[in-house]
Amino acid sequence: MREVAIVAFGQSDHRRDTAEISEVEMLMPVLHQVLDAVGLRAGEIDFTCSGSCDYLAGRAFSFTMALDGVGAWPPISESHVEMDGAWALYEAWTRLLTGEAETALVYSYGKSSPGDLREVLTRQLDPYYVAPLWPDSVSLAALQAQALLDAEDTGDTVADERALAGVAARSRTAAEDNPHAQLAGSPPPDALLEEPYLVRPLRRHDCPPVGDGAAAVVLAAGDTARRLCRRPAWIRGMDHRTEAHSLGVRDLTRSPSSRLAAERAGAFEAPVDLAELHAPFTSQELILRRALRLGEDVRVNPSGGALAANPMMAAGLIRLGEAAAAIHRGAADRALAHATSGPCLQQNLVAVLEGDAS
Amino acid sequence: MTKEPVAVVGIGQTKHTAARRDVSIAGLVREAAVRALEDAQLTWSDIDAVVIGKAPDFFEGVMMPELYLADALGAVGKPMLRVHTAGSVGGSTALVAAGLVAARVHRTVLTLAFEKQSESNAMWGLSLPIPFQQPLLAGAGGFFAPHVRAYMRRTGAPPGIGALVAYKDRRNALRNPYAHLHEHDLTLDQVRSSPMLWDPIRYSETCPSSDGACAMVLTDRAGADRAPYPPAWMHGGAMRSEPTLFAGKDFVSPRAGRDCAADVYRQAGITDPRREIDAVEMYVPFSWYEPMWLENLGFADEGAGWKLTESGVTELDGELPVNPSGGVLSTNPIGASGMLRFAEAALQVRGRAGEHQVDGARKALGHAYGGGSQFFSMWVVADTSPAG
């Protein structure tokens with residue numbers, strides 16, 4: 001397999017509401033940041049791929065506005081997925097694997113502030129049998145969390161409300177070191193447990209913040225990567241899998257698609273020292289830790305994860321970017337990055353990143 | 001490193017129609033997928049990954065519908081990618097799927113594109129609300145009509161060319177059992193006298209709004225060796241994008257289209273497309289786009305595309321048949337329209353196009369475009385593998 005690495009990563013400051021700027025204005029500084037980091041102009045990139053969602057923007061073909069901002073002139077080789085940017089990165093990675101491109105620019109963005117995200121996400125469900133009931137995303141996550149709390153077999157994981165509060169407190173405390181985080185700092189778990197339920201068994205601290213944000217990465221192959229980056233984050237493997245959509249046919253306490261993707265990505269061939277998990281709800285981190293066989297010795301979400309900032313369509317790409325950035329600065333040698341999409345962790349992507357021995 | 005050659009071994013599509021009220025969205029896509037699998041004589045378990053594409057989710061009112069469609073497309077436990085590049089999406093989706101095989105990430109991939117436009121009103125779905133666009137720019141025709149007028153003015157093409165294209169494509173569609181429009185009694189005079197919608201585009205010169213899906217099974221060399229019917233081999237594939245609006249943009253012959261064509265011809269070793277390509281399936285949603293794209297794709301000199309149309313070169317029995325399937329003018333499930341072009345090109349070189357088969361077609365071009373004439377995807381397929 002051809003050597004391909006993440007050589008630059010940038011993200012916006014994630015905020016509850018960015019009504020004063022457009023998606024393009026939110027994205028452009030981030031694009032320039034990653035391009036400046038590698039000293040390339042948009043036109044010098046061989047392939048560009050982005051991820052975004054018309055349902056968040058409220059208009060058809062919303063990604064064309066961002067493309068105008070990229071400055072696709074002279075014309076560029078470009079594609080777009082209506083998915084989290086992590087999958088745009090996957091498409092770009094396969095493009096580099098064919099040898100057709102040496103470099104790729106990947107970006108994604110989402111503004112949740114113009115609408116009611118919980119309501120909007122109901123439109124993602126089976127249009128005949130589920131969407132007409134308007135079950136919102138927090139309620140579905142609560143079903144999943146309750147199933148986990150009730151489960152007889154959760155492996156080595158202790159799954160109770162205190163464990164959930166522990167995930168929240170640890171993540172948001174870690175986010176104090178992340179200048180881009182939307183939520184940082186947390187009372188201790190005992191204090192969190194005194195708060196009322198939002199949707200039982202989830203309390204507010206168990207849920208991700210709703211907000212706006214953008215992210216971008218640059219990929220490069222082989223010696224180009226070595227030239228553009230002091231310590232490239234090599235993609236040793238990457239895979240993604242989906243599960244059935246109907247919640248009734250899934251065991252919501254497990255994540256078999258994450259397990260399978262991790263196997264295919266080679267995650268279990270050697271221990272990782274860092275994991276960036278896209279777990280918007282505290283209960284999902286417990287499920288993913290088990291599926292991905294992450295022990296207590298692995299640092300999980302030092303960025304604060306999706307509990308600190310969860311911009312739709314970008315939060316998965318940010319996990320890959322944060323893991324890569326840790327390798328770039330020598331804070332990790334072998335990292336796992338995970339992204340999710342759909343209700344209750346329906347679709348999952350796992351990448352294994354490594355730095356050269358320093 | 002060398003890429004794995006990519007072969008098309010299965011093609012399936014639905015009977016396109018204004019409203020498939022008898023099936024759900026899942027039922028529609030599954031119908032096309034099952035037909036593609038049958039054509040390849042494969043089963044769901046032979047498929048390693050699914051790549052699906054469609055145009056804006058507002059057309060059906062389902063956000064990211066691939067999540068809901070995972071079960072119907074046998075994707076559970078498999079990778080599933082969802083592509084969206086506006087009108088070119090059907091072509092782009094096939095190219096993303098082909099890339100997975102070419103990169104040796106997967107061996108056999110199901111790719112599918114669909115639109116079930118009867119679930120909403122596509123024209124208004126495409127008409128952006130204020131503040132994104134000025135009012136009264138209703139539908140795609142409103143956007144493209146001025147560029148057709150610019151073409152006519154630039155080339156001096158006589159006003160009747162568009163009607164010739166529409167009449168040809170609608171007659172070709174009579175030979176394609178899957179085409180949406182089967183207007184058996186249509187005459188050229190009727191096309192010429194049909195109501196003016198967006199001057200100079202008349203009603204009979206516009207594409208219909210269809211429910212439909214198209215699927216293809218793409219595989220590697222070993223997969224092609226096992227295929228029951230002759231495969232179509234991919235000899236080149238490319239995508240190009242440019243901004244929607246900018247000073248100096250040539251809407252009549254966008255540079256992204258010219259660059260994209262040049263790239264696929266280079267990959268396929270084609271130096272004279274007019275002579276070397278035997279059949280073209282191009283994305284012609286409004287009749288005048290045939291002569292416009294003939295020039296943009298290098299089949300005619302600048303200003304001379306309309307002469308090919310006028311002299312019958314692009315007829316089914318002409319020197320360069322364009323849209324033998326009836327094209328977008330006869331069938332337009334928007335998200336699938338690009339993939340239908342790619343699939344119909346592949347059917348031609350496989351010799352499996354039935355009554356609209358171009359005799360002796362060995363090399364064909366599939367073309368799709370979208371957005372404000374800004375997204376292009378193309379492939380060249382042939383009846384022999386690229387290595388010989």
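In H11 of chain B, the buried residues are B:Tyr289, B:Glu290, B:Pro291, B:Met292, B:Trp293, B:Leu294, B:Glu295 and B:Asn296. Buried here means that 20 or more other C-beta atoms lie within 10 Å of a residue's own; 12 or fewer makes it exposed, in between is partly exposed, and the C-beta atoms are placed from the backbone. Helices are DSSP runs of H or I with at least four residues, strands are runs of E with at least two, and both are numbered from the N terminus.

Before going on, a word on the model and the labels. This is a predicted model, in which local features need pLDDT of at least 70 and side-chain atom pairs count only at pLDDT 80 or more, while totals for chains, interfaces and linings use all residues. Residues are numbered from 1 along each chain as its sequence is written, and chains are lettered from A and ligands numbered from 1 in the order in which they are written.

Back to the helix. H11(B) covers residues 289–296, and eight of its eight residues are buried. What covers them? The cover includes helix H5 (139–155), helix H6 (161–173), H9, helix H12 (305–310) and strand S10 (363–370) of chain B. Just after H11(B), B:Gly298 has a positive phi of about 85°.

Now chain B as a whole. It has 14 helices and eleven strands. Its radius of gyration is 19 Å, close to the 21 Å that the globule rule gives for 388 residues, so chain B is as compact as a globular protein of that length. That radius is taken over C-alpha atoms, and the rule is 2.2 Å times the number of residues to the power 0.38. The C-alpha trace spans about 55 × 45 × 45 Å along its principal axes. Of the 388 residues, 63% count as buried. Two residues are in contact if their C-beta atoms, placed from the backbone, lie within 7 Å. Among contacts in chain B between residues at least 6 apart in sequence, 80% join residues at least 24 apart.

One helix pair next. The axes of H3(B) and helix H14 (residues 334–350) of chain B come within 5 Å and cross at roughly 60°. That angle makes H3(B) oblique to H14(B). For reference, axes are lines fitted to C-alpha atoms, for helices over the stretch in contact, with angles from 0 to 180 degrees between N-to-C directions. Under 35 degrees is roughly parallel, over 145 roughly antiparallel, 65 to 115 roughly perpendicular, and the rest oblique. On the H3(B) side the contact is made by B:Val89, B:Gly90, B:Gly91, B:Thr93 and B:Ala94. The residues of this contact divide into six nonpolar, six polar and one charged. Nonpolar means Ala, Val, Leu, Ile, Met, Phe, Trp, Tyr, Cys and Pro; charged means Asp, Glu, Lys and Arg; the others, Gly among them, are polar.

How many residues of each chain meet at the interface? There, 51 residues of chain B are in contact with 46 residues of chain A. H3(B) gives the most to the side of chain B that touches chain A, with five residues. By class, that side has 31 nonpolar, eleven polar and nine charged residues.

B:Met64 is one residue to look at here. It is found in the loop between strand S2 (49–53) and H2 of chain B. B:Met64 is buried, with 24 other C-beta atoms within 10 Å. Leaving aside neighbours within four places in sequence, B:Met64 is in contact with A:Cys53, A:Glu82, A:Gln124, B:Asp57 and B:Arg82. B:Arg82 is 18 residues from B:Met64 along the chain, and their C-alpha atoms are 8.0 Å apart.

That leaves chain A. Its secondary structure comes to twelve helices and twelve strands. Buried residues make up 62% of its 358 residues. The domain assignment gives domain 1 (4–115 + 210–228) and domain 2 (117–209 + 236–354), with bounds from an automatic or database assignment. The contact between these domains takes 34 residues from domain 1 of chain A and 27 residues from domain 2 of chain A. On the side of domain 1 that touches domain 2, the largest share, six residues, comes from H4(A). That side has 17 nonpolar, twelve polar and five charged residues.
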